[in-house]
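I opened this model to see how the chain is built and what packs against what. My entries follow in the order I looked things up.

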Amino acid sequence: MTQEAIQEQIRQALDHRVAVRVYDENRDISRQDMELLMDAAWLSPSSVGLEGWRFLVLDRAQIQAIRPELKPLSWGAHPQLDTASHFVIFLAEKNARYDGPSIRESLIRRGLTSDQDLEGRIALYETFQIKCMGLETPRALHDWTSKQTYIAMANMMFSASLLGIDSCAIEGFNYTDVNALLADKGWLDPESEGVACMLSLGYRLKDPKHPRSRKPRQEVVCWIGDK
């Protein structure tokens, strides 16, 4: 494939993607395509290589089963919960401190196994978390890992658009109540992780009522040095 063809493919995927809230209930995403989309999430970059996340994947039958409980808690997902082929719930780690086990495990996973290497990198991450980012509270640490889930979600949404699959990112839900619901089901450990965001996926029933709009590009894209 030529560079021009790749550029055109990317452009088409960017133009195709919009926030779709109502999906075709008669079309399901194949397991093969969903596995590819989940690879897009799994292989996404994360701060300091932490991977402080988990992804809960629900197909149409599982959405239907949880919908009576989840829908009243999720004001921003009513039509999606009724029609989506799949739902992904992004969980973020709560206690990813520089001196915690998950940081150490991520370093070992990436090949830093000697005590000297580990302690040197942990000292660097202490400076990064405390002095540079001010991550000194449980809420700040959870916000940090939650932000990283959006990288995985964006990769999923773009990959989906390349496949002709539609999506909608969802933040419109009661975080406390949804966390409690998922904990009651045994889907998350409320002491170590919490919901960051959700993503609906499927095939649009029709084009959105309102066209996509954006600020003027020249107000957003700023090439430093150009006059």
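**Surface.** I took accessible areas from the Shrake-Rupley method with a 1.4 Å probe; for residues, only the protein chains shown count as cover. The chain exposes about 13400 Å², and carbon and sulfur atoms supply 52% of that.

**Ground rules.** This is a predicted model, so I note that local features need pLDDT of at least 70 and side-chain atom pairs count only at pLDDT 80 or more, while totals for chains, interfaces and linings use all residues. Residues are numbered from 1 along each chain as its sequence is written, and side-chain values use heavy atoms, with hydrogens and water left out.

**Overall build.** I looked up the secondary structure next. Helices (H or I, at least four residues) and strands (E, at least two) are DSSP runs, numbered from the N terminus. The chain has nine helices and four strands. Read from the N terminus, the order is α-α-β-α-α-β-α-α-α-β-α-β-α. The C-alpha trace spans about 55 × 55 × 35 Å along its principal axes.

I then checked burial. Buried means under 20% relative accessible area, exposed over 50%, and partly exposed in between (1.4 Å probe, protein chains only). Of the 227 residues, 39% count as buried. For contacts I used heavy atoms within 4.5 Å. Among contacts between residues at least 6 apart in sequence, 80% join residues at least 24 apart.

**Cores.** Which residues have the most contacts inside the largest nonpolar core? A nonpolar core is a set of buried Ala, Val, Leu, Ile, Met, Phe, Trp, Tyr and Cys residues joined through side-chain atoms within 4.5 Å. The largest one has 23 residues, and Leu58, Phe87, Ile89, Leu91, Leu182 and Val195 have the most contacts inside it. Two or more residues each come from strand 1 (53–58), helix 3 (60–70), strand 2 (86–93), strand 3 (166–170), helix 8 (175–184) and strand 4 (193–202). Another core lies apart from it, with 21 residues, among them Ile29, Val88, Ala152 and Leu199. In soluble globular proteins, nonpolar side chains tend to be buried together.

I followed up on Val195. Rings of Phe, Tyr and Trp (its six-membered ring) pair if their centres lie within 6.5 Å; planes under 30 degrees apart count as stacked, over 60 as edge-to-face and the rest as tilted. By this rule I get four aromatic pairs. One is Trp53 with Phe55, a tilted pair at 5.5 Å centre to centre and 40° between the planes. Both Trp53 and Phe55 are buried. Another pair, Phe128 with Trp144, is edge-to-face, at 6.1 Å centre to centre and 65° between the planes. This pair links distant parts of the chain: Phe128 is in helix 6 (residues 115–132) and Trp144 in helix 7 (residues 138–162), 16 residues apart.

Trp144 counts as buried because its value is 4%. I also noted that Trp53, Phe55 and Phe90 form one aromatic cluster.

**Charges over rings.** A charge sits over a ring if NZ of Lys or CZ of Arg is within 6 Å of the ring centre and within 35 degrees of the ring normal. The charged end of Arg27 sits over the ring of Tyr203, 3.8 Å from its centre. The charged end of Lys185 sits over the ring of Trp187, 6.0 Å from its centre.

**Helix 7.** I checked its span. The expected span of a helix is 1.5 Å times one less than its number of residues. Helix 7 has 25 residues and reaches 37 Å from first C-alpha to last, close to the 36 Å expected. Gly164 follows helix 7, and its phi is positive, near 80°.

Where is Ser46 found? Ser46 is in the loop between helix 2 (31–42) and strand 1. Ser46 counts as buried because its relative accessibility is 15%. Leaving aside neighbours within four places, Ser46 is in contact with Glu51, Trp53 and Gln148. Ser46 and Thr149 are 103 residues apart in sequence, yet 8.1 Å apart in space, C-alpha to C-alpha.

Ser106 is in helix 5 (residues 101–109). Ser106 counts as buried because its relative accessibility is 0%. Not counting residues up to four places away, Ser106 touches Val48, Gly49 and Leu50.

Glu35 is in helix 2. Glu35 is partly exposed because its relative accessible area is 37%. The C-alpha atoms of Glu35 and Gly202, 167 residues apart along the chain, are separated by 14 Å.
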